[in-house]
Amino acid sequence: MDLRIFTEPQQGATYDTLLTVAKATEDLGFDAFFRSDHYLRMGDVDGLPGPTDAWITLAGLARETSRIRLGTLMTAGTFRLPGVLAIQVAQVDQMSGGRVELGLGAGWFEEEHKAYGIPFPQEKFARLEEQLEIVTGLWQTKLGDTYDFHGTYYDLTDSPALPKPAQDRIPVLIGGHGPTRTPRLAARFADEFNLPFGSVEDSERQFARVRAAAEEAGREAGSIILSNALVVCVGKDDQEVARRAAAIGREADELRANGLAGTPAEVVEKIGRYTEAGSQRLYLQILDLHDLDHLELIAAQVQSQLS
């Protein structure tokens, strides 16, 4: 089971804070550092000092880390034109020496679009399908050839399809709870399917749908990595669990039910249940970015039991 660190900087974080967490992620042996792609806080927090841009952040981290994978859960398709996104991600991949992964979703948080003047179209899922085809098509176009796409929402003519990423293929992540269209989209484009904040039972059902969609599309069912994103709250004892839960405005019992919370032994046991459901990778949502002792505890007493 791979463990990756997943952050939500729209809740309030500077680049320097994210850099500190990313370096801790690397030093402690975690597989990757991922971040959300949002421009507005959620819930009862002030969001200060304000949002940071996902791909600008990852560009900086690409030059200041050396081993960990870097990516998004999920880049909002509403934020960037697909041709521009393909350029941005390819450039950050070059800057990192080939360590980038792209999670791409339709975009859902209407309030942040209103707050920053970003159009929020109704037909987001159909746009996402065209975006995925364009981004991957641009990367896959041979050097010297040009790329054309004529769709309902986007039109590209004689694109040089440059620059190219450092990797032969940048891994693409698609995720969500949709029972039909989402698995089919994953079967067509995804290297990894991620189920965010779902139960073990939800995961088992959705992973089965993704595997079935892959087979229907002529792919090996096992060719798509299956993963979960879950809030994490680990403590040496119940008192420490409660303290960490309170620090992020949550209740320990609720986190035990809906995330990965408890003592290291409790969390390892629950990870085992996700493994049985088919999960191969976990994105640990870290909401208190200043509690580096939390990361150290997870590395020492949870991650060490999974290798």
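**Notes on the model**

1. The largest cavity has a volume of about 70 Å³, where a cavity is a set of points on a 1 Å grid over the protein atoms alone at which a 1.4 Å probe fits but cannot get out, and a volume is the space filled by probe spheres set on the points, which are joined across faces, edges and corners. A search of the whole structure finds 1 cavity of 30 Å³ or more. The lining of the largest cavity consists of V232, C233, R244, A247, I248, I286, L287, D288, D291 and H294, lining residues being those with an atom within 4 Å of a point. Two or more of these residues come from each of β10 and α8 (238-247).

2. The model is predicted, so local features need pLDDT of at least 70 and side-chain atom pairs count only at pLDDT 80 or more, while totals for chains, interfaces and linings use all residues. Residues are numbered from 1 along each chain as its sequence is written, and side-chain values use heavy atoms, with hydrogens and water left out.

3. The largest pocket has a volume of about 1,200 Å³, a pocket being an open set with protein on both sides within 12 Å along at least five of seven lines. Its lining comprises 48 residues, of which E8, Q10, M42, F197 and Q285 are the closest to its centre. At least two lining residues are supplied by each of β4 (75-76), β5, α5 (124-140), β8, α6, β9 and β10 (225-234); helices (H or I, at least four residues) and strands (E, at least two) are DSSP runs numbered from the N terminus.

4. Strand β8 (residues 172-175) pairs in the parallel sense with β5 (residues 100-105) over 2 bridges, and also in the parallel sense with β9 (residues 192-196) over 3 bridges, pairing being assigned if DSSP finds at least two bridges between two strands. Within these pairs, G103 has L173 of β8 as its bridge partner, and I174 stands opposite F193 in β9. From β8 the chain crosses through helix α6 (residues 181-189) to β9 in a right-handed β-α-β crossover, that is, with the strands pointing away from the viewer, the path from the first strand over the helix to the second runs clockwise.

5. The largest nonpolar core has 72 residues, and W55, L102, W139 and L260 have the most contacts inside it; such a core is a set of buried Ala, Val, Leu, Ile, Met, Phe, Trp, Tyr and Cys residues joined through side-chain atoms within 4.5 Å. Leaving aside residues up to four places away in sequence, L102 touches W55, W139 and I170, among others, a contact meaning heavy atoms within 4.5 Å.

6. Some backbone geometry deserves a check, because most residues other than glycine have a negative phi, and most peptide bonds are trans. The L48 to P49 bond is cis, with omega near 10 degrees, and P49 lies in the loop between β2 (32-35) and α2 (54-64).

7. Where do the non-glycine residues D158 and F197 with positive phi lie? D158, with phi about 55 degrees, is in strand β7 (residues 155-159), and F197, also about 55 degrees, is in the loop between β9 and α7 (200-216). D158 is exposed at 53% relative accessible area, whereas F197 is partly exposed at 41% (buried is under 20%, exposed over 50%, partly exposed in between, with a 1.4 Å probe and protein chains only).
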